[in-house]
Amino acid sequence: MKKTLSTLHNAWALAHGVPPALDGLEGRDGEDGMATAEYAIGTLAAAAFAGLLLAIMRSGSLTGVLRGVIESALSVG
């Protein structure tokens, strides 16, 4: 949104010579505060994924497969 307004502002300046004032538009692109919500959602998703992995590891159904993957990753050659 901010880039769109900036592009329109520059186009107006090219067409009319004097750019109009950007009263209150700079820094107000409507995305203020979104970073915190995105971090919260990302943290929640990571915690849920960790819980899922923990549940799978404790179930014992994939223990052999995971042990094989880890052993093959740690082996040389």
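The protein exposes about 6600 Å² of surface, and carbon and sulfur atoms supply 67% of that area. Helix H3 is hardly covered, since the count of buried residues among its 12 residues is zero.

The model described here is predicted. Its pLDDT averages 78 over the protein, and 77% of the residues score at least 70. Confidence is lowest in helix H1, where the mean is 75, and highest in helix H2, where it is 88. Where pLDDT is low, the predicted coordinates should not be read in detail.

As to secondary structure, the protein contains three helices and zero strands. Along the sequence these elements give the pattern α-α-α. H1 covers residues 2-16 and H2 covers residues 34-59, while H3 covers residues 63-74.

| Helix | Number of residues | Reach | Expected reach at 1.5 Å a residue |
|---|---|---|---|
| H1 | 15 residues | 21 Å | 21 Å |
| H3 | 12 residues | 16 Å | 16 Å |

The reach of H1 is thus close to the expected value, and the reach of H3 is likewise close to its own expected value. Just after H1, the chain continues with Gly17, which takes a positive phi of about 90°.

Methods
Residues are numbered from 1 along each chain as its sequence is written. This is a predicted model: local features need pLDDT of at least 70, side-chain atom pairs count only at pLDDT 80 or more; totals for chains, interfaces and linings use all residues. Side-chain values use heavy atoms; hydrogens and water are left out. pLDDT is the predictor's confidence in each residue, from 0 to 100. Helices (H or I, at least four residues) and strands (E, at least two) are DSSP runs, numbered from the N terminus. The expected span of a helix is 1.5 Å times one less than its number of residues. Accessible areas come from the Shrake-Rupley method with a 1.4 Å probe; for residues, only the protein chains shown count as cover. Buried means under 20% relative accessible area, exposed over 50%, partly exposed in between (1.4 Å probe, protein chains only).
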